[in-house]
Amino acid sequence: MARTQKNKATAHHLGLLKARLAKLRRELITPKGGGGGGPGEGFDVAKTGDARIGFVGFPSVGKSTLLSNLAGVYSEVAAYEFTTLTTVPGVIRYKGAKIQLLDLPGIIEGAKDGKGRGRQVIAVARTCNLILIVLDVLKPLGHKTLIEHELEGFGIRLNKQPPNIGYKRKDKGGINLTSTCVQSELDLETVKSILAEYKIHNADITLRSDATADDLIDVVEGNRVYIPCIYVLNKIDQISIEELDIIYKVPHCVPISAHHRWNFDDLLEKLWDYLKLVRIYTKPKGQLPDYTSPVVLPVERTSVEDFCLKIHKTLIKEFKYALVWGSSVKYNPQKVGKDHVMHDEDVIQIVKK
């Protein structure tokens, strides 16, 4: 691919190569079934709380120190690399939500190909709602690119939205391509060649944005996860103020010092923004609302029905209507059905049949 010139005539050929590469990569990630070796020791941690955050980074950048100081959990800290060998969980309470933190072992170059237990580490990272990439300020930003490359190779897309491509397989009728805007890279030939690599000869493809060949491959593969990510630059106690000003301009980035506990409140604020959680307070009949323990829901599922299911699945069967106070309704209180979508810090009272 590096030797091929990029122009209209070779786009078709490059698309084919990209698809072939993605296919081979997937086979690397999910090895062919064979003798079961049993799961890795201490890797699979049960999911608890309202959200899950994983710390990813090279060895000795201060992930364990950060976890110890944030959550008060002791994760072994020492001056040599690879001190942490399994996943160490911790929990913090922030704005009434329980957030699970996972200190993952350090990953190295080639982790996506299975070096240094990298595969298990990245597999745990796939299940997180937010990834914190912990970097050392004193080491060059090449580390950031390396880690991104390892995660991308494993089907994790950081700070991206899923590509706006409609894809539907069918039994006959060939490949139909419709695009709602001008395409700079994909045309019918290229799309056909990429799909042929996956042995797909009948499908409807709708391109609703200017998509690349990689976007199309992501949609066809269908096993990509889209996770928000924050870069945490640790050890800022060892640099000058001028350097700190430059660092602050990097997008999605928070400089901290885990050892001195500097700038933790800024980090927690940013975590909350990126997790996009919504707090709903409950109100028992004839009593004041309980502002101490909200029910926390992800922002895309905040209807009254989702709220009921979060508490208990039998609640929705006995549901008659709900009374809601807050910014999502016109009147306080307002009587709503189970499809009503609630906003952050609303108060709800459920009336059963």
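Guide: The model is predicted, so local features need pLDDT of at least 70 and side-chain atom pairs pLDDT 80 or more, whereas totals for chains, interfaces and linings use all residues. Residues are numbered from 1 along each chain as its sequence is written, and side-chain values use heavy atoms, with hydrogens and water left out.

Visitor: How many disulfides does the structure hold?

Guide: A disulfide is a pair of cysteine sulfur atoms within 2.5 Å, and by that rule the structure holds zero.

Visitor: What makes β6 and β7 edge strands?

Guide: Helices (H or I, at least four residues) and strands (E, at least two) are DSSP runs, numbered from the N terminus, and two strands pair if DSSP finds at least two bridges between them. Three strands form an open sheet with mixed pairing, in the order β6-β8-β7. β6 (165-169) and β7 (175-179) each have a single partner strand, so one side of each is left without a neighbour in the sheet.

Visitor: How do you know that β7 pairs with β8?

Guide: Five bridges join β7 to β8 (residues 203-207), and the two run parallel; since the rule asks for at least two bridges, they count as paired. Isoleucine 175, for instance, has alanine 203 in β8 as its bridge partner.

Visitor: Which helix lies across β7 and β8?

Guide: That is α5 (residues 188-197), running at about 130° to β7, where axes are lines fitted to C-alpha atoms, for helices over the stretch in contact, and angles run from 0 to 180 degrees between N-to-C directions. Helix α6 (residues 213-221) also packs on the sheet, touching β6 and β8, and makes about 45° with the direction of β6; contact means heavy atoms within 4.5 Å.

Visitor: Why is the charged end of lysine 335 said to sit over the ring of tyrosine 321?

Guide: The rule requires NZ of Lys or CZ of Arg within 6 Å of the ring centre and within 35 degrees of the ring normal. Lysine 335 counts as sitting over tyrosine 321, with its charged end 4.4 Å from the ring centre.
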